[in-house]
Amino acid sequence: MEEIKFNNLYESIFHEKLNNGMDVYLYSTNKTKNFYITVNVKYGAEVLKYKRTSGKQYNEIIPGSAHFLEHKIMDILGHEENFETIHNLGSFANAYTSYNGTNYNLFGSEDIIKNLEVLLDLVINPKITKESVESEKSIIMEEIDKYKDDIFSFMYEQIRKNLFFKSYPIHNVLGEKSDIEKISSNSLNKIYKDFYNINNMFIVVTGNFNKEEVLRFLNEYMDKLPKPNKFNIKIKREKEPDKVKVLYEEIKKDMEGSKVLYGVKIPKNKLPKMNSIKNNYYLSILANSMFSVSSPLYEKYIEEGLIVNLTYLIMNFDEHIVLLIEALSNKPSEFINNLQKDIKNFKIDENTFNRKKKVFLSNLIMTFEDIEDVENLITSQLFKYNKIINNIYNIITELNFEDIKAIEKSINFDNSSILRTIK
Amino acid sequence: MEYKKITRDSFNIHFIKTDRFKAVNIDIFFTKKFKKEDISYANLLCKMLTYTSKKYNTKNKLAIKLEELYSLKYGSIFSVRGNAEHINLGIEFINPKYTEEGMYKESLNFLKEVLFNPHIEKNGFNHKIFDINIENLKTQIDTLKVNPELFSFFKYRSIMYEGTPTAYSLLGTEFDYEKINPKKLYNFYKTLFKDFKIDIIVAGDLEEREENIILEAIEDMFKNIKPKKIKEIDLYIKYKPTSKVKEVIEKGEFNQSQLYMGYRFKDINEFELKYVLVIYNAILSKIDNSVLFESLRINNYLCYSIDSSKNNYNTSITINSGINKVNFNKAVDLIKKSIEDMTDIKNINSKLNVALKTLNTIINDYYDDVYSLIDYYYSNEFEALGSIEERREKLMSITAEDVVTLGTKAYLSTIYMLEGANE
């Protein structure tokens, strides 16, 4: 077992490669009585075209398929016994799909081995029949309606469509109702065979458990499985232009204030060449300095009555990063005009930079407070970087002011798309 | 984990000593009997106290101070619990053993500043900050219209709990805010220290030395405070059972319909209310194979999710789900049938063990979530819940007969649907 120490945080996780090649990450602590188990597949909604490397033609994936497959794998019908076991253990089963991957999880406190076994059984032995796929469609459509009714998720979805021409963010993780109609048991079974491959999966266990016992069981379980076919997958990604597709759009909504989204599309190759993790931290610090409550811009907009609230989000998509600024405004046109000018003139100062480093360090320390947060740290790093970044503390403390100035200079804030509501 | 309570003339201080957390939380609760007029005052006061203070006289300065204190979290919220209202103001800071020794003193000084040195000018709150917060609240109230989940939730509560504290939206109304001015709000602020019961709950990895630092600082803060003796508050709201069912259906410009059904219980005793209702609700909707989930989602594909929540103070259960409007009658019938099924001993017996085990996991989670722990000990001040382990023991003793007996006491009180006009 390889110990991966998180420097300066006095925390470690353990990594082991099972006999069949699957990676397992363990964070064991007796500070809690519960445990959290996840089986993860490095396949998410970002994959729209792929082929086995030995194959000739690319297969197209219907948007929403990764999420649909997740529903079918966690479907009670066909897995009544597995779910009865989960229920009898008093555990909670759940799953989620993102652009980068799919996560199946169990949260419990009794008999971790039985929990592991049942979760693996569900993921490794799915029952995706024509009938069950057809019945699931109405449930997924209700889920789509739920998100479409939420003004904020609806606008996030729309601005991605306005920022991108061809790349995967133009599709929702859930897909559209018209996509769902087209999905079949055949298409889902094919995706399953190609992506739910031991070499493309990993397990994370956090909480109160015995590491040796868990590893012993996992090896025994995996040894009983047929040897996996070894093949590689080639994913075809659309070449996405650097410019934005739609500069400005208004959406009608019956509300007095206006919700404004301002998205800046940043090509990664235009940023100074440095480690991508550092780049992400610099961008986060820059955005935080510009748009958090402690920023001078926030203060100015509040003072002038331009905003009710202001926040930001950074999203990573293939070759582009999106800085998304979100505001609720009673004077949206004036706010947008000001923002367009101010964002270009903003200059971060060294005091602010050092203060923000403290904030990011504090957030990092707090990650290890909760076993679900630790799992999320591990899983998101593996989905995003395919490795564990254990020196985050040092990365943050070593960030320097010159580099962030260079990043700030390299961004073209005019490469943006605006989406707002009007009454 | 160790708990102790220290009583002083003007406040009680509760220490929860646990090495589970890397942060220290200090929460101050001001409690009194509910008064409708207080909603807008208390809500606005929470906003004002977290916006500025005399020393940190802009939102920006206050936010910068929080970042300097290693991202100290500071918040304030107004809530209603049965017949009582409370204002909670709290800070959370990283245990100084991970940052700097002086952070105890710095964090406590910050708490003193924001609570005891508000942004007052000419015997009233600062006008400009007052106006900003009033505008923000009005915008928030208006935004509710485009949020079907929140809008329908508040509307349902106003029907189901008409004439009680639970019926009111905790955001207040625009009309109520028109009646407040900075001086009146300052007068309301002063009542915090006269008319409210004060409880301070401290949770964290604290040795005697640290406890004493906090106790001395709190004693110093409250040395001039002399609150009136507060009469004991009976949190439970009394109802006369009636066979009349309120049914309201209205339309909204949404894709999905929001269905709510409210049930009350007649002649419920204290044991049923405190313990049996928890298990009843778990079997109805909280466990993975709950009665409602099996009926509406698994067997009839009517919804993505269905939930029920208990309200002890109103002796009620609320069931809600997002559905397609064409399924209204079917969903209502299935929910009624599910409530009937809660009186079937065979059915309850088949799920009781799962519910008990699930609750066992949830109770374990109390020790992992500082906010649940704080809330538990605050509630204990009014409801004599006993220790968490005593509560676990009582819950684990509940039988299927107890659940069925409670089930026979349920009667339908309200049906509300916000019908999606765009379906």
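Predicted model: local features only at pLDDT ≥ 70, side-chain atom pairs only at ≥ 80, totals over all residues.
Biologist: How do helices α1(A) and α7(A) lie relative to each other, parallel or perpendicular?

Modeller: The axes of α1 (residues 65-73) and α7 (residues 185-195) of chain A come within 10 Å and cross at roughly 90°. Axes are lines fitted to C-alpha atoms, for helices over the stretch in contact, with angles from 0 to 180 degrees between N-to-C directions; helices are DSSP runs of H or I with at least four residues, and strands are E runs of at least two, numbered from the N terminus. Angles of 65 to 115 degrees count as roughly perpendicular, so α1(A) is, relative to α7(A), roughly perpendicular.

Biologist: Which residues of α7(A) make that contact?

Modeller: Contact means heavy atoms within 4.5 Å. On the α1(A) side, S65(A), F68(A), L69(A), K72(A) and I73(A) take part, and they meet, on α7(A), L188(A), I191(A) and Y192(A).

Biologist: Is strand β9(A) enclosed or exposed?

Modeller: Buried means under 20% relative accessible area, exposed over 50%, and partly exposed in between (1.4 Å probe, protein chains only). On one side M201(A), I203(A), V205(A) and G207(A) are buried, and on the other F202(A), V204(A) and T206(A). Seven of the seven residues of β9 (residues 201-207) of chain A are buried, so the strand is largely enclosed.

Biologist: In which sense does β4(A) pair with β9(A), parallel or antiparallel?

Modeller: Two strands pair if DSSP finds at least two bridges between them. β3 (residues 23-28) of chain A pairs with β9(A) in the parallel sense over six bridges, and D23(A) has F202(A) as its bridge partner there. For β4 (residues 35-41) of chain A, V41(A) stands opposite M201(A), and the seven bridges to β9(A) run in the sense called antiparallel.

Biologist: Over in chain B, which strands are the edges of the five-stranded open sheet?

Modeller: The strand order is β9-β13-β10-β12-β11, with mixed pairing. Each edge strand pairs on one side only, and in chain B these are β9 (246-252) and β11 (306-311).

Definitions and conventions:
Residues numbered from 1 in each chain as written. Chains lettered and ligands numbered in written order. Heavy atoms only, no water. Parallel < 35°, antiparallel > 145°, perpendicular 65-115°, else oblique.
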